[in-house]
Amino acid sequence: MTDLDLATTRRDIANALLTALERRHEVLDAIVDAENHAEAVSAIADLLGKSQLGAEAILDMKLKQLTKDERRKNQAELDDLNNEITFTLAQRPASSGDTLELRPFDPEADAELFALRTEDIGTAGDGSGAPAGDVTAEIKAATDRVDAEEAVWLVATDGDSKVGLVFGELKDGEVDLRIWIHPEHRKRGYGIAALRKSRSEMAGYFPGVHLVVRAPSA
């Protein structure tokens with residue numbers, strides 16, 4: 001997890017907990033009316049306008065966190081994180097990751113997206129830093145690496161929109177993770193959301209292998 005990813009996650013949770021305490025009677029009613037855990041999380045998120053991550057934290061909150069001392073600590077942490085991070089969830093709503101999904105790269109259906117990434121970045125898709133080659137040849141080479149379980153290429157989607165690409169390349173016992181966000185979808189938080197989602201995805205493809213973010217998300 002990157003420092004920015006960790007700080008953003010902590011801030012989302014701290015902000016959600018404080019808001020829930022301010023509106024605790026409404027939150028309790030929403031929980032009591034819910035049929036199950038998933039419905040309660042959705043109800044809290046909708047009620048407070050918070051991320052699913054924040055709503056989960058509210059539902060799992062311990063009673064000791066209701067005390068004034070714990071609330072002061074939570075506020076102090078939120079103040080520190082607000083000084084550290086310049087954007088808010090409202091400014092970059094996609095950073096919560098609630099609507100972003102990752103799916104395997106399709107060599108045919110997603111070739112145009114990779115071509116756009118190559119034009120934008122100008123380097124090869126394997127993470128070597130070499131100049132970009134023929135797009136078709138690069139996709140074929142990537143497909144071979146994926147089949148050999150040496151790489152994972154994923155497409156980040158939000159509804160019907162393809163918002164970016166996630167590349168995981170196995171090198172020297174580590175997974176190099178790189179994220180590219182489509183120029184039309186930048187500055188909305190998709191990079192952070194993709195980082196959050198990609199950790200569990202890469203752990204599934206490469207269990208027990210250390211994950212390294214080699215470059216910041218675009």
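**Exercise 1.** Find which residues Met 202 is in contact with, leaving aside its neighbours within four places in sequence.

*Solution.* Contact means heavy atoms within 4.5 Å, and by that criterion the partners of Met 202 are Val 152, Leu 154, Val 166, Phe 167, Gly 168, Val 175, Leu 177 and Leu 211. This is a predicted model, in which local features need pLDDT of at least 70, side-chain atom pairs count only at pLDDT 80 or more, and totals for chains, interfaces and linings use all residues. Residues are numbered from 1 along each chain as its sequence is written, and side-chain values use heavy atoms, with hydrogens and water left out.

**Exercise 2.** Determine how Phe 167 pairs with Trp 153, and what parts the pair ties together.

*Solution.* Begin with burial, which means under 20% relative accessible area, with exposed over 50% and partly exposed in between (1.4 Å probe, protein chains only): Phe 114 is buried, and so is Phe 167. Next, rings of Phe, Tyr and Trp (its six-membered ring) pair if their centres lie within 6.5 Å, and planes under 30 degrees apart count as stacked, over 60 as edge-to-face and the rest as tilted. Trp 153 and Phe 167 are 4.8 Å apart centre to centre with 90 degrees between the planes, an edge-to-face pair. Helices (H or I, at least four residues) and strands (E, at least two) are DSSP runs, numbered from the N terminus. Trp 153 lies in strand 2 (residues 151-158) and Phe 167 in strand 3, so the pair ties together parts that are 14 residues apart in sequence. Finally, Trp 153 is itself buried, at a relative accessible area of 5%, while the value for Phe 167 is 2%.
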